[in-house]
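The sequence and the structure are shown first.

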Amino acid sequence: MAVKTLEDLFVHELSDIHSAERQISKALPRLVRASSNPDLAAAFEAHLEETAGQIERLDQVVDLLGIRLKRIKCAAMEGLVEESKEVIDEIEKGPLRDAALIGGAQKVEHYEIASYGTICALAKQLGYTDAIKLLQETLEEEKATDAKLTMLAESGGNQDAAQAT
């Protein structure tokens, strides 16, 4: 896709995060099964439901603005999902794997936070006031999920992993 205008960039970034969210929705059930910590599994399940709402919000933005998403695959998310598969394949189920899954999930959240921050800034510049509200709501959810993951790690997840090795 040739990106020649700010509008083109906005559509490209929106298409990219839409792909990323869809990839996440497919990967999260695997993370739920791979977790040994019930609180972590519950966090992944909750984020799966939240991700469905985020995809719905992106679709609302598309409809609201009358734009058409590009058919692209988010290469960054593809890599992050692949990393999670490697963690599952290479680390025995237990506290150490859980610590690695939390770290991987935070990488995903940080990518999403950066992406939604960028898209919000572009939407603001383009005057897409109604879209900003929807995108900002998702950005805040991503920040909250990152904070929950940090709390899981700091409230014993990393300590459990240290004691297990």
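Predicted model: local features only at pLDDT ≥ 70, side-chain atom pairs only at ≥ 80, totals over all residues.

## The second largest pocket

By class, seven charged, two polar and two nonpolar residues make up the lining of the second largest pocket. The volume of the second largest pocket is about 190 Å³.

The residues that line the second largest pocket are S19, R22, Q23, K26, A27, R30, K73, E78, V81, E82 and K85. Two helices, α1 and α3, each contribute at least two residues to this lining. The largest share comes from α1, with six residues.

One of these lining residues, E82, belongs to helix α3. E82 counts as partly exposed, because its relative accessibility is 38% and this class lies between the 20% limit for buried and the 50% limit for exposed residues. Between the C-alpha atoms of E82 and T129, which are 47 residues apart along the chain, the separation is 36 Å.

## The largest pocket

The volume of the largest pocket is about 320 Å³. Its lining comprises 24 residues, of which L28, L31, F44, H47 and A105 are the closest to the pocket centre. Two or more lining residues come from each of α1 (6–34), α2 (38–65), α3 (75–90), α4 (95–126) and α5 (129–164).

In class composition, the lining of the largest pocket has 16 nonpolar residues, together with four polar and four charged ones. For the second largest pocket, the corresponding classes hold two nonpolar, two polar and seven charged residues.

In soluble globular proteins, nonpolar side chains tend to be buried together. In this model, the largest nonpolar core has 42 residues, and those with the most contacts inside it are F10, L14, F44, M77, L101 and L135. At least two residues of this core are supplied by each of α1, α2, α3, α4 and α5. The greatest contribution is that of α1, with eleven residues.

## Helix α4 and the residue after it

G127 follows α4 and has a positive phi, near 80°.

## Cysteines

The structure holds zero disulfides. C74 is in no disulfide, and the nearest cysteine sulfur, that of C120, is 17 Å away. C120 is likewise in no disulfide, with the sulfur of C74 as the nearest cysteine sulfur, 17 Å away.

H18 is located in helix α1. At 11% relative accessibility, H18 counts as buried. H18 and D130 are 112 residues apart along the chain, and their C-alpha atoms are separated by 18 Å.

V62 is part of helix α2 and is buried, with a relative accessible area of 12%. The C-alpha atom of V62 is separated by 9.0 Å from that of V11, although the two residues are 51 residues apart along the chain. K133, in helix α5, counts as exposed, because its relative accessibility is 57% and the limit for exposed residues is over 50%. The C-alpha atoms of K133 and R33 are separated by 34 Å, with the residues 100 apart along the chain.

Terms used: Residues numbered from 1 in each chain as written. Heavy atoms only, no water. 1 Å grid on protein atoms, 1.4 Å probe; cavity = no way out; pocket = protein on both sides within 12 Å on 5 of 7 lines; lining within 4 Å. Points joined across faces, edges and corners; volume = space filled by probe spheres on them. Helix = DSSP H or I, 4+ residues; strand = E, 2+ residues; numbered from the N terminus. Nonpolar A, V, L, I, M, F, W, Y, C, P; charged D, E, K, R; others polar. Disulfide = S-S within 2.5 Å. Core = buried A, V, L, I, M, F, W, Y, C linked by side-chain atoms within 4.5 Å. Buried < 20%, exposed > 50% of the residue type's maximum accessible area, 1.4 Å probe, protein only.
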